[in-house]
Amino acid sequence: MPKTQLVRLSMSLDEELGHALDGLVRAANYQNRSEYVRDMIRERIVDQEWEQNAASVLGTITLLYNHHQRELCGRLTEIQHDAQVHILAATHVHLSHEICAEMIMVSGSAAEIRKLYLALKQPRGILHAALSMSSTGEELH
Ligand code: NI
């Protein structure tokens, strides 16, 4: 990949906002403001991909459920087979005698991934569901 040019920005902030920025940089253990602002921009780009229903994003769905719930496992499998996304990985962990945790990593359109997440969190027996919204990285530099 060719080395990209650096763009130098100089910006003005109110004193209070400047202090707030330095506080955020320190709290997140960044070495300097530039690194912090770069990551802030990348995070905003990823947020925007999801807000604008981008055609290609990466998501991870975490499910927590009681596997004694009748027909739940079969239902979860069925929902995944019907989803219009690519399932890249799925991991099942037996947390305790009755509780299972599942991690499903998917790529596809933001709208379809959200639809899958909402379908997976509905069935009786699901104790918690979370969607982690990430990116394919195409727009990140
Ligand atoms: Ni299990």
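Modeller: Residues are numbered from 1 along each chain as its sequence is written. Because the model is predicted, local features need pLDDT of at least 70 and side-chain atom pairs count only at pLDDT 80 or more, while totals for chains, interfaces and linings use all residues.

Biologist: In what order do the four strands of the open sheet stand?

Modeller: Strands (E, at least two residues) are DSSP runs numbered from the N terminus, as are helices (H or I, at least four), and two strands pair if DSSP finds at least two bridges between them. Here the pairing is antiparallel, and the order is β2-β3-β1-β4.

Biologist: Why is one side of β2 and of β4 left without a neighbour in the sheet?

Modeller: Strands of a sheet pair through backbone hydrogen bonds, either parallel or antiparallel. β2 (86–94) and β4 stand at the edges, so each has a single partner strand.

Biologist: Which residue of β3 is the bridge partner of leucine 58?

Modeller: Strand β1 (residues 57–66) pairs with strand β3 (residues 99–108) in the antiparallel sense, over ten bridges. In β3, the partner of leucine 58 is serine 107.

Biologist: Is glutamate 139 buried, partly exposed or exposed?

Modeller: Glutamate 139 lies in the segment after β4 (126–135). A residue is buried if 20 or more other C-beta atoms, placed from the backbone, lie within 10 Å of its own, exposed if 12 or fewer, and partly exposed in between. Because glutamate 139 has 13 C-beta neighbours inside 10 Å, this residue counts as partly exposed.
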